[in-house]
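I opened the notebook to record what I looked up, one topic at a time. The structure goes in ahead of the entries.

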Amino acid sequence: MAAVQPAEDALDPTQGSSKTLKIENTEKRDNLIAVEKKYQKAWAEARIFEQDAPSLAEVPFHSVSPAELRKKQPKFMGTMAYPYMNGTLHAGHSFTASKVEFATGWARMQGKRALFPQGYHCTGMPIKACADKLVREIEMFGEKFENYKDPVEEVTNGVKDMEIPAPVQETTKEDITKFTTKKSKAAAKTNVALKYQFQIMLALGIPKEEIHRFANPQHWLQFFPPLCKRDLTNFGARIDWRRSMVTTDANPYYDAFVRWQMNRLKELGKIKFGKRYTVYSPKDGQACMDHDRSKGEGIGVQEYTALKLKVKEWSDTAKSIVSNALPENTNVYFVPATLRPETMYGQTCCFVGPKIQYGIYKVSDTEYYFITDRAARNMAFQGIFSKWAEFPKVADLKGSDVIGTLVNAPLSVHREGVRILPMGTVKDTKGTGVVTSVPSDSPDDYATVLDLAKKAEYYGIKREWAELEILPIIETPSYGNLTAKTLVERLKINGPNDTKLAEAKDLAYKEGFYKGVMCHGEFKGRSVEEAKPLVRQQLIDSSDAFNYAEPDGEVISRSGDTCVAGHLDQWYLNYGKTEKGGDGEWQQTVLKHIMDGGLNTFTTEAKNQFEQTLDWLAQWACARSYGLGSRLPWDQNFIVESLSDSTIYMSYYTISHQLHGDMFGRTKGPANIAPEQMTDEVWDYVFTRREDVKTDIPQETLHAMRREFEYWYPLDLRVSGKDLIQNHLTFFLYVHIALFPREYWPEAIRVNGHLLLNGEKMSKSTGNFLTLADATSKFGADATRIALADAGDGIEDANFEESVANATILKLYELKKWCEDMMGTDAPVVKSSEEYIKERESKRHRTVDMIQRSGEKTFWDRIFENELHGLVRETRESYDATSYKVAIKCGLYDFTSARDYYREATKAAGQGMHRDLVARYIELQALMITVIAPHWSEYIWQEVLGKTGTIQNELFPVVDDTDLSLTAAREYVRTTSGSITSAEGAQQKKMAKGKSVSYDPKKEKKLSIFVALKYPAWQEKYIDIVRAATKERVIDMKAVTKQMDKSETKKAMPFVQSLKRSLDSGVPENIVFERKLAFDEVMVLKEMVPGLRQTLQKCVSVELVKVDEGGKTGVVVGGTSQEDQGRERTELPPPAENAVPGGPTFHFDNV
């Protein structure tokens, strides 16, 4: 036990978040969390998120069509990819969940029945693989791992630095099956190795006394789903938990559902059986699909043409090695794998990596292949060797041993043979490690043979071996018939290691394949695209080549096996284009649904990614022999693969609450149906695939289930990480389109990017990691939700800033406290400005804001109310557009800013805020953020405003249209105030630098504001000129310039340019040219006087002067001194001349 204790201490799960924000003072946060817990409990007890379709009593079955019912009683159904139950939810899951959650909240506020169901994915290898590891470790170390020793030399694996995308279908990124590292031993020892599964469990916070229970795969299904529910409930998710289920045959109802869909897909010809290449784990003995992998998700199989280059004469070194290893009269072939069989006419040599280790492998008694061990292992599972999984090696050679060997190159014009030559860039991780050379069309090959010929002695070869004639094979419009030579010269490539070769290779391949025409060989005159498969088949038919495949990158299974490409008899879903062997009509139907607007993908990038996926995605193995899941109905030896049992489970949500009373289906639901009663025919009926069914299930029960499906479907929104476009989300579309009528095809898919934490990728090893439970306990639910809304809405990576969440705690707390104070019984209400000033000066209050005013609304009241109406409309538009970052800006930050401005303006004016507007603001504020911060809003709604019923059932407010004159006045106020305060600040900076100033801003001063009621005559003249020279919003500047008085150019040209900018920005012509203000400028300035005097430092008086034409004289029309009203002013300062309607000027004087 002593040996395991240090590991247990060091594997404290809190270490994964050691570098995240620490909160010291938690009083305000705890206050908010207490509110959240209260209302989460209240919502659960009231069951307000449990949503049902209109009952048969409300609307008799099929008395109206399903479409008409959905129109009359609008609904919303949104789902996220159900998380895999091998860990708890992290912030990435939260981000994806928030998009469904916010959409559900918004649908409720639109008056829709809104359904957000949530299940738990348990299908596949991960849980079973981890459980099996624990079985072995318990055998090794004991039930409590008391016999474990942790020597330093064993410390080789630590926590992997993982990028955290939004949650994927089966890969929970707090995924306890996917830990690896690149750490040094010292660093690994510091963090404690995660070499064993029990250590990973400790890092998750599982007590060591409990870990042995996880050796039973079913315990995972019992343990993690409740934690998922706990975390989402603490998050405030509006989930109908009645509809939850676990996948696999652990739930017999879901098991029946999966078997039904597989049977129907097979009957439709969408599932087929046959030999095909797939990524395969020899260790597991089955296909290794995306979610069976610890590395290499999304990697498919690359098929090659493997050429057989027969050895005619060995190099001296090779001869001495192979002479005793090979029987007499046997043939040895160098086997390059090529993607361009049509170019084989131009082979001039064959490359090997001089430092790479190769072998000669026995294929038959008379045939042997020279390839890498990796390639031989792949071939062993493709029926190329005589026995499955065996690849007998008879000799080991390095590439340098075979340099100079003469081989026969099929189709090559060099019939006497070509030589094996060295190439430093050959990799043993791709292909067979043998590369045939076609320097006419491969820039890499051309650059290499030039280098070899130039440095023959250095490379230890004969120059003539690298100087065989280069034969033109393909004619291209851009590069002629020697594409490689042309590109190497054009791009000035200086040898085989030049980085520009990658670009050249790409250009050569695209030009050759799409535009090239064969100019040599049997298929001369045909396009390359047409000739390529013909040449390939010709080589195979003549036994000069064979099919070879390998994973297009490294794939590691969950069991730790390096995967190969296996050529297997298997059941597969026939996805893909006709030319790829797939069901082309099916593929085209899916593509049409996406491209013709049937599916809302929200962004062009997402739509393009779907289009690209549909272009390359081909058949998909849908069965495996190992793991958890449902048995393939027609072959019980196989289990339905995890990405194939999770394509249409959203339809199962529609009736799951009727079928079972718990997530395992152990108790019957309200429909009182046993699992065995859910036959394929019953599923067909419920999902509208047939109109009658023979069953002992009562007709009313069948109608009720079908009503649920017909009402909630089609799915309105599917949310997931963008990494699932390449598999799950595309499968989701394929199978929905195959099994359901057009009316029930998905409406929208929203994909989001990965979630960064504090601007960096989430990583346990760096301590920059956050689970959903961590987030809600650290910041509370509402602050977490607001930070997630603020993180971003696009397909690009988003960023959860803990500083935003932390600042939100203070903002919500202070706003809550302010609302409580303002609506409290001790908040005084006065009837006039005089009473307000008296109350403010004679009594002490917790805050001056509490003194509120009743009676008629003033200018500032109308400005504020109008601004609120505008922000309500902007917030609505943002929610409609699913732009939650903008919605929280308009509905919270801008909303409180509007209140702050109103508060300061009325305080300065000696009025105080209007009681009715304060109450209206608080009500609107609660409603504005109900979608995103429902707990805070609920508290304000019920406990501050005293409303009855939950805010979760309230509609989003409808407000009056904004008054454009008030909006214009508000902008005028803010612009003018900003200009005046900025000017004062500029004077202070000048003084600080010792520069001369026109007045001392630190001494008492007077502010004069100059307002003009008419535009200068010269401006009117140029407005007429510009109006005449404008056609369809475009100004003929040449015509205007010709009419411009040279003496006025300096002031006229900037004015004309300002008119042009207004027109270019979309301002209507009548507004640009008429230039009439929408408000009384003098009145607005008078309202501003008290605020300006209070804002400006040592401002003792303010004077408003209406200037006469020319700006030299004017009359006082307002200000702080009533006695000066009507007094004429002469010899006004220069700024007065520049005043125009809507653009006042100002001047400071010390007094």
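**Entry 1: source of the coordinates.** I noted before anything else that this is a predicted model.

**Entry 2: aromatic pairs.** I looked up the total, and a search of the whole structure gives 68 aromatic pairs. I then took the pair Phe 102 and Tyr 884, whose ring centres are 5.2 Å apart. Their planes stand at 65 degrees, and planes over 60 degrees apart count as edge-to-face, so I logged the pair of Phe 102 and Tyr 884 as edge-to-face.

Where do Phe 102 and Tyr 884 lie? Phe 102 is in helix α4 (residues 91–109), and Tyr 884 is in helix α29 (residues 884–908).

Phe 859 and Trp 860 are each buried.

I also listed one aromatic cluster. Its members are Tyr 254, Phe 257, Trp 260, Tyr 652, Trp 683, Phe 687, Phe 709, Tyr 713, Phe 740 and Tyr 744.

**Entry 3: salt bridges.** How many salt bridges does a search of the whole structure find? I recorded 77.

I took Glu 267 and Arg 264 to begin with; their side chains meet in a salt bridge at 2.9 Å, N to O. Both sit in helix α10 (residues 252–267), and they are 3 residues apart, so about one helical turn separates them. Is Glu 267 buried or exposed? Its relative accessible area is 57%, so Glu 267 is exposed. Arg 264, at 6% relative accessibility, counts as buried.

Then I looked up Glu 904, which forms a salt bridge with Arg 903. The closest N and O atoms of Glu 904 and Arg 903 are 3.7 Å apart. Glu 904 has 37% relative accessibility and counts as partly exposed. Arg 903 is buried, at a relative accessible area of 16%.

I went on to Glu 1103 and Arg 1127, whose side chains form a salt bridge at 3.0 Å, N to O. Glu 1103 is in strand β36 (residues 1099–1107), while Arg 1127 is in the loop between β37 (1114–1119) and β38 (1128–1129). The pair therefore ties together parts that are 24 residues apart in sequence. Glu 1103 counts as buried at 3% relative accessibility, whereas Arg 1127, at 36%, counts as partly exposed.

I also noted a network in which salt bridges share partners. It joins Arg 47, Glu 50, Asp 52, Asp 240, Arg 242, Arg 243 and Glu 708.

**Entry 4: charged patch.** Which residues gather in a patch of positive charge on the surface? I found Lys 989, Lys 990, Lys 993 and Lys 995. I placed Lys 995 in the loop between α32 (964–992) and β33 (1005–1011).

**Entry 5: Leu 568.** I located Leu 568 in strand β21 (residues 564–573). Its relative accessible area is 12%, so Leu 568 is buried. I compared its position with Gln 286: Leu 568 and Gln 286 are 282 residues apart in sequence. In space, the C-alpha atoms of Leu 568 and Gln 286 are 9.3 Å apart.

Notes
Residues are numbered from 1 along each chain as its sequence is written. This is a predicted model: local features need pLDDT of at least 70, side-chain atom pairs count only at pLDDT 80 or more; totals for chains, interfaces and linings use all residues. Side-chain values use heavy atoms; hydrogens and water are left out. Patches are made of residues with over 30% relative accessible area and no salt bridge: like charges are joined within 9 Å, nonpolar side chains (Val, Leu, Ile, Met, Phe, Trp, Tyr) within 5 Å. Accessible areas come from the Shrake-Rupley method with a 1.4 Å probe; for residues, only the protein chains shown count as cover. A salt bridge is a side-chain nitrogen of Lys or Arg within 4 Å of a carboxyl oxygen of Asp or Glu. Lys and Arg count as positive and Asp and Glu as negative; His and the chain ends are not counted. The place of a charge is taken as NZ of Lys, CZ of Arg, CG of Asp or CD of Glu. Helices (H or I, at least four residues) and strands (E, at least two) are DSSP runs, numbered from the N terminus. Rings of Phe, Tyr and Trp (its six-membered ring) pair if their centres lie within 6.5 Å; planes under 30 degrees apart count as stacked, over 60 as edge-to-face and the rest as tilted. Buried means under 20% relative accessible area, exposed over 50%, partly exposed in between (1.4 Å probe, protein chains only).
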